[in-house]
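Hello,

I am passing a structure on to you. Please have a look at it before reading my notes.

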Amino acid sequence: MKVRTLEQLGTLAEHLRTARDHKPCVRVCGGTGCRARGSEEVLARFQALLQEEGLAETVELKFTGCHGLCERGPLVSLAPQEIFYQSVEADDVRAIVTETLRRGVVIERLLAQDPATGRRVRREQELPFYRRQYRVVLRFNGVIDPTDIREYLALGGYRALGTVLTRMAPDEVIELIERSGLRGRGGAGFPTGKKWRLARAAPGAHKYVICNGDEGDPGAFMDRSVLEGNPHSVIEGMAIGAYAIGATHGIIYVREEYPLAIRTLEIALAQAREYGFLGEEIFGSAFSFDIEIVRGAGAFVAGEETALIAAVEGKVSEPRQRPPYPVHRGVWGHPTVINNVETWANVPIIIERGPEWFANLGTATSKGTKIFSLVGKVANTGLVEIPMGMTLRELIEEIGGGAPPPREIKAVQIGGPSGGCVPKALFDLPIDYESLTEAGAMMGSGGLIVMDDRTCMVDVARYFMDFLRDESCGKCLPCREGTHRMYELLTAICEGRATEADLELLEELAQVVKETSLCGLGQTAPNPVLTTIRYFRHEYEAHIRERRCPAGVCKALIRYVINPERCTGCLACLSPCPQGAIRGQLKQPHVIDQDRCIKCGICQEVCQFGAVEVV
Amino acid sequence: MTRLYINGIDVDLAEGTTLLEAAAHLGFEIPALCFHPGLSPYGACRLCVVELGDGRLVSACTYPVHEGLRVRTHSPRVQRARRMLIELLLSVCPSSKRIQDLAAEHQVERVRFSVRDERCILCGLCVRMCAEQMMAHAIGFVNRGYRRRITTPFDRPSEACRRCGGCLYICPVCELRCQGPEAPGVVCGSCATPAPTCPPIYEDLACYMGAAGACGTCVREPRPPARHMPDLTRRREGV
């Protein structure tokens, strides 16, 4: 059935809402994290047991997108009781069905624990992890079944598109987006409305809108979760953008490594066509638009817009210098607007709730919310959405729950390999584009890696440089040779072979790579080096002057020794040692043979008395 | 026509002109290794970076002129960047006379990186020559990042290759080996030696084209330079 008018859409939504609301509902998280922890099995068990118990008709079972708290997956939430179960295993399903669904009894052991009080809480919102968040883009994640467009429609989906097509002129749409202050969520933070205006003004019979879903930062999964959890918000946003700039073709560029996102999108696109939200004369207007998926073949640099265009055109994804910008010469030479997944997903809700509502969120220059994937040495890893302007401290310590004791957080890496490491001393920094850039990091697409006192900052810089020298396309000299040379210098420092002159050279080289590289990858590649030198110079100096790694990470500079006063002679470390490097007898202090030790650290992990020390 | 300012000098140029052409028009020499007037601009060696009014460094070979643009072709930042880029080039291609000359011109006197002689700077001129002028598409890049190199498909003799030699002709680094009086170190510096090279002494000789200093004349007692010869020891000053 094709929806031709706003009234039809309203009736349909009303019908869908009333048809569903009264049924109890079990929502199993189908995000990649929970699937990895076995949520598919949990879902299958639910299906079987509901059938067995004769509840299949009266209870609705949904496989939703990411709930966010990936650390505690698989997650299951029950509506309308608002019960939030975590770490649910397939074997727990019978109890949930017989106890909770049948008798309304809450299963205490499956509830999440408030880390502050130790109390088990029933509702998601009672957890600090969720309480401090403000979910706009993710509002339907974990609520709707992403493979069923009716769920999105029941919650008001595609109403923004209908409103725009039937009641607004393209220029009005652009003006509205400009007033909202929306900026690109992919990294650089270019004003979205301005980009659209440039593309609208650019002459051309054919124009394109592209969704950049080439999320390649290590540890980042914001875009994936949006595509997997609520694909229609992206499709709707793209259709609105296409109408605003006068485009007829849309392309979603997704990494091949996201099979679930691609599958979900394919289903969503087919359903959107079925209902007439894509195709000819949408909502009875003269506007026709359709979207195709292009799969990326695993290159980090393809996230750079000119490289992405090359990839869409079927060429090797290598960037070219701008200008001309894609809004003037994009795919096959046509004006093209490229926005990131999260940017597109923000568009429908800005239309729905109005630009003023959006502009009221956030700070003076950074409006709205931002999704972060919070990972690393923090208690609650997962997907979070917060209003701009929240401090790093609130995000990491309150939502993230800080580092599990006895460890202490030292720094956070923001913005992936292009971002920088912000030290704990600057955690009162508000999260907005300008503050982060000033601190030497960047918003990036929203990867947030928390590091504790057992992380060596030189080693971190070396890790990112190893990633970048491999992911650099190799076209321009400073990025290709510069990242490789920076990696060599960082390796020398980590191995205790470097001199003060090497550190000076590293800084000098980093600056030149930043200034002269062709594209965003090279221009931001030195950020991990520059920020770690800026904030953790003492660690670099310890490696160089004292040949010492303060965090005890760099293998060439550390030794594992057994403290004879603590060693009880329990023999527990002898057999796990892959080198057979530990000698000792029962109830006698053991000794590590330094010549054979490969510094793997297994002995330290198995020792229950803390006798293995790093010196 | 578009008016722009290069090193403070205003100039009117046709739209579509690149900054490299614009600078050449005014006589400002900008080094460039991956640029050739007969091939499409590539912007990869970055030696031609110039500083714009807003502080950005962009490659002059790919940047089109636009109204009111302010450009500095030899600002301290540009020079510092070029020197580092040349040092990087020397560290992978020390045997190239072209790069040694560039190093001498830019006072690059040391290489602080470990040297590996790859005899290729991946400027891509040969790839573009083969594709754009010879219409053969016989060679291309493989791999990415620090593993990138130029080769034929699957490293096998290509049927598309007509052995025209265009790639060898255009290569900026493999055409001439630097042959100083002694086996050069990483930085040969013969051409930068303040001791007079041959031309000021023997105006008929042009041995700097071949083996500079190989004859040994210039290291002996120099004669006073001929009056009508330009003073080559004076550096070309950037504005």
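Below is what was found in it.

First, some ground rules. This is a predicted model, in which local features need pLDDT of at least 70 and side-chain atom pairs count only at pLDDT 80 or more, while totals for chains, interfaces and linings use all residues. Residues are numbered from 1 along each chain as its sequence is written, chains are lettered from A and ligands numbered from 1 in the order in which they are written, and side-chain values use heavy atoms, with hydrogens and water left out.

The interface

Chain B brings 35 residues to the contact and chain A brings 32 residues (contact: heavy atoms within 4.5 Å). About 2900 Å² is buried between the two chains, 53% of it on carbon and sulfur atoms. Buried area here is the accessible area (1.4 Å probe) that two parts lose on being put together, summed over both. On the chain B side, B:Arg46, B:Arg144 and B:Tyr146 lose the most area to chain A, together 23% of what that side buries.

The rule finds 6 salt bridges across this interface (a side-chain nitrogen of Lys or Arg within 4 Å of a carboxyl oxygen of Asp or Glu). A:Asp470 forms a salt bridge with B:Arg147, their closest N and O atoms lying 2.6 Å apart.

Which elements of chain B each supply at least two residues of the side that touches chain A? They are strand S4 (57-59) and helix H2 (76-92). H2(B) gives the largest share, 10 residues. Helices (H or I, at least four residues) and strands (E, at least two) are DSSP runs, numbered from the N terminus.

Chain B

Chain B has 6 helices and 7 strands. From the N terminus on, they run β-β-α-β-β-β-α-α-α-β-β-α-α. Of its 239 residues, 45% are buried (under 20% relative accessible area; exposed is over 50%, partly exposed in between; 1.4 Å probe, protein chains only). Among contacts in chain B between residues at least 6 apart in sequence, 55% join residues at least 24 apart.

One residue in chain A

A:Val450 sits in strand S15 (residues 447-452) of chain A. Is A:Val450 buried or exposed? A:Val450 is buried, because its relative accessible area is 2%. Leaving aside neighbours within four places in sequence, A:Val450 contacts several residues, including A:Leu374, A:Val378, A:Ile396 and A:Val412.

Best wishes
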